[in-house]
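Please load the chain into your viewer and keep the selection panel at hand. The stops below go from one selection to the next, with a short note on what to find at each.

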Amino acid sequence: MAFRDHVGPIVLEFPPFPRQRRLEPADFHARLDDFLGRLPPGFEYAVELRDSRLLTPVYRDLIARHGVAHTYNYWSAMPAPGAQAAIVPPEAGPFTVVRLLLRPGTWYEDQRDRFKPFDRLVEPDEK
C-alpha cells in the first residue's frame with residue numbers, strides 16, 4: 001500500500017449494460033453490495049453510475065452502508081446532478097465527487113470529433 005497516502009478517491013464507473021445483458025436494479029444492487037464488501041480497506045471509493053435506472057433509494061442506502069460516495073455526473077443518460085442529489089444528498093456521503101462530462105441528451109460518439117484532441121475546453125458551460 002505504498003501509494004495510500006497519495007491517492008484520492010477511487011472512482012468506480014459502471015457504464016450502461018448492453019440491452020441483451022442489462023441487469024435489473026435489484027440484481028445490480030446485490031452485485032454491487034458484494035463487490036463493495038470485497039474492496040481493500042483504507043481507500044476512499046466513489047461509485048459513478050451511467051444508468052439512471054440504478055440510481056434509487058436502495059442504491060443510496062447501499063453505498064452509505066459501505067461508506068462509499070456517489071459520483072454526481074453530468075452525462076448523457078443520467079439526470080442532472082441536482083436531480084441525482086435529490087436521491088443521494090451530498091451531505092449523506094463521506095465526501096463528494098462531481099464529474100462534468102457531456103451535457104445530458106448528447107452522446108460521446110456524436111461529440112468525439114469535436115472534442116479531439118481532448119486538451120482544451122470546447123464547450124464551456126457558463127451556468
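## Charged pairs

Begin by selecting Arg60 and Asp61, whose side chains meet in a salt bridge with 3.1 Å from N to O; the term stands for a side-chain nitrogen of Lys or Arg within 4 Å of a carboxyl oxygen of Asp or Glu. This is a predicted model, in which local features need pLDDT of at least 70 and side-chain atom pairs count only at pLDDT 80 or more, while totals for chains, interfaces and linings use all residues. Residues are numbered from 1 along each chain as its sequence is written, and side-chain values use heavy atoms, with hydrogens and water left out.

Colour the two residues by relative accessible area, where buried means under 20%, exposed over 50% and partly exposed in between (1.4 Å probe, protein chains only). Arg60 is partly exposed at 27%, and Asp61 is also partly exposed, at 41%.

Move on to Asp34 and Arg38, a salt bridge in which the closest N and O atoms are 3.1 Å apart. Here Asp34 counts as partly exposed at 41% relative accessibility, whereas Arg38 counts as exposed at 64%.

Then select Glu24 together with Arg53, a salt bridge whose closest N and O atoms are 4.0 Å apart. This pair links distant parts of the chain, since Glu24 sits in the loop between β1 and α1 and Arg53 in the loop between β2 (45–49) and α2 (57–66), 29 residues apart. Helices (H or I, at least four residues) and strands (E, at least two) are DSSP runs numbered from the N terminus. Arg53 has a relative accessible area of 28% and is partly exposed. By the salt-bridge rule, the count comes to eleven.

## Aromatic rings

Which residues form one aromatic cluster? Select Phe14, Phe28 and Phe35, and the cluster is in view. Rings of Phe, Tyr and Trp (its six-membered ring) pair if their centres lie within 6.5 Å, with planes under 30 degrees apart counting as stacked, over 60 as edge-to-face and the rest as tilted. By this rule there are three aromatic pairs. One of them is Phe14 with Phe35, edge-to-face at 6.2 Å centre to centre and with 90° between the planes. Phe14 lies in strand β1 (residues 10–14) and Phe35 in helix α1 (residues 25–37), so the pair ties together parts that are 21 residues apart in sequence. Phe14 is buried, at 19% relative accessibility, while Phe35, at 37%, is partly exposed.

## Strands and crossover

Now show the cartoon and select strand β3 (residues 69–74) and strand β4 (residues 97–100), which pair in the parallel sense over four bridges; strands pair if DSSP finds at least two bridges between them. Within this pairing, Tyr74 has Leu100 in β4 as its bridge partner. Trace the chain from β3 through helix α3 (residues 81–87) to β4, a β-α-β crossover that is right-handed, meaning that, with the strands pointing away from the viewer, the path from the first strand over the helix to the second runs clockwise.

## The whole chain

Finally, clear the selection and view the chain, which has four helices and four strands in the sequence pattern β-α-β-α-β-α-β-α. Its C-alpha atoms fill a box of roughly 40 × 40 × 30 Å along the principal axes. Of the 127 residues, 31% count as buried.
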